[in-house]
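Good morning, colleagues. Please have the sequence and the structure in view while I speak.

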Amino acid sequence: MLPSQALLPAVLFALAALRALASDTFLAAVYEHAVILPHATQEPVPASDALALMNRNMDVLEGAIKEAAQQGAHIIVTPEDGIYGWRFTRESIYPYLEDVPDPAVNWIPCTDPSRFGPAPVQERLSCMARNNSIYVVANIGDKKLCDSSDPSCPKDGRYQYNTDVVFDAQGKLVARYHKYNLFLGENQFNYPKEPEAVTFETPFGKFGIFTCFDILFYEPAVVLVSKMQVDTVLFPTAWMNVLPFLTAIEFHSAWAMGMGVNVLAANTHNTSMEMTGSGIYAPTGARAYSYNMKTEDGHLLIAELDAHPRLSPASPPAVSWNSYALSVERFSQNGHEFTGIIFEDPFTFTELTKPGGNVTVCQKDLCCHLSYKMAEKRDDEVYVLGAFDGLHVFEGQYYLQICTLLKCPSTNLSTCGQPVETAQTKFDMFSLSGTFGTSYIFPEVLYSGVQLAPGEFEVLADGRLINRNTTSKPVLSVTLFGRWYEKDPPSMDQASA
Ligand SMILES: CC(C)(CO)[C@@H](O)C(=O)NCCC(=O)NCCS
């Protein structure tokens, strides 16, 4: 008998076990919360005022947690800054902070509230998790006292961290994560000395966690997926939408697809700051999402996800992102290239003058190929193919390689790249690819009205982003958003921060 035949029963058993694993699902919830903000003040308020404000926010979160639990959700994510808001100084946020211990101490704040000094916020979050038997993910402020024996101790004698916490269904603190990539203006917080890759295991998969601006960088976001092999990412955020590539629903769903993991993204809701867009994203597309610039209320989303999306039969194959684009000759270049600015970056554009065809546009080492067919070529709408290969330097520095098909706001080509929210042209076909130097590519398809296109597009193993059928709605943009982490400037020097 051949050894392979002898192994057959074991192989079949392993496959059956994998299939059993892969069919495991769980119910996830995210809550987009319209944060009740404190009055803007430079002076610290009394601790009792700070707690009262946080309790008003937690009253609202508690309603969402109860509702999610009632509907059977196993875990709920709430937004960054969801309990106290933003626009603080270092001093004025102090009364909102609590000492958050290392989860290794095995602490259930609900049953042992004063073990580490006063912690009313952690106590209440823990009790909400415990009383409703649901994992609760929240974003709070952690304070760590220090003194001159620590040479990097801040002058005011404490570190302050933007912190995610997770309580399990018994109310135990199981994860604590300090935001590593602080956004501009978060001067109330310190950078942690090292990036933390925080994970925890559950009966429904391995989880990782990071916050908001972290999603654009290698540490710890990519490490959690590539090295720690998490199944699902928990993502509290206070995301300010920027069209055409960085609206919350668009980029966060693209990250889930590009990285091949689930992402539970809970955004704050504040339309005057362009903050809206939360979702439950699987690698194959959004399972639920919301984007609402019309009203000021919060919104609960619940959807089912695969516990182990990497093993699921529907999970995307390993993609070689540049293999198609490197294998073809340049399509026609019509010689009418022009430069347009997207979010401060100079793109090379070429207009799609015909109802369909094949077009190439290049910038530096990046050539983008597009095959397309519009359902109808309208006189009153202009689409372009664009390429950008360079360091983005506005509101943070990060190296991008981007290929994009997008609608211009008007027929005047000088407007191309500026934000536009509506379109009328559907596409019978598109196929977009690029000669990327990085394998971190996030595929985005955005429809008119800032809507996602779950199930309507896919990425082939050779790196082409294609539609499945005629798009069900008019197209705003189709984008391969590439991040070339190795070309980023040296990471923010923590000592100087
Ligand atoms: C989309 C982006 C990156 C463009 O510069 C920007 O608009 C954005 O939402 N940044 C992340 C926001 C963040 O970390 N918020 C927490 C403190 S308010």
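Please bear in mind that the model is predicted.

With that cut-off in hand, let us turn to the ligand. A polar atom in the side chain of Glu395 lies 2.6 Å from an oxygen atom of the ligand. For Lys179, an N or O atom of the side chain is 2.9 Å from a ligand oxygen. Met240 takes part through its backbone, where a polar atom is 2.8 Å from an oxygen of the ligand. How much of the ligand's accessible area does the protein cover? On its own the ligand has 480 Å² of accessible area, and the protein covers 95% of that.

Around the ligand there are 14 residues, and those that come nearest are Lys179, Cys212, Ala238, Met240 and Glu395. By class, the shell holds 10 nonpolar residues and 4 charged ones, with no polar residues.

I now move to the domains. The assignment for the protein chain gives domain 1 as residues 18-311 and domain 2 as residues 323-496. Their C-alpha centres are 31 Å apart. In the interface, 33 residues of domain 1 contact 37 residues of domain 2.

The size of an interface is often given as the accessible area lost when the parts come together. Between domain 1 and domain 2, about 2,900 Å² is buried, and carbon and sulfur atoms give 73% of that area. Which polar links and salt bridges are counted here? There are 2 residue pairs in polar contact between the two domains, and the count of salt bridges is 0.

Conventions
Residues numbered from 1 in each chain as written. Predicted model: local features only at pLDDT ≥ 70, side-chain atom pairs only at ≥ 80, totals over all residues. Heavy atoms only, no water. Near = heavy atom within 4 Å. Polar contact = N/O pair within 3.5 Å; in protein donor to acceptor, adjacent residues only side chain to side chain. Areas by Shrake-Rupley, 256 points an atom, 1.4 Å probe, with all protein chains shown as cover. Nonpolar A, V, L, I, M, F, W, Y, C, P; charged D, E, K, R; others polar. Domains from an automatic or database assignment. Contact = heavy atoms within 4.5 Å. Buried area = accessible area lost by both parts, 1.4 Å probe. Salt bridge = Lys/Arg side-chain N within 4 Å of Asp/Glu carboxyl O.
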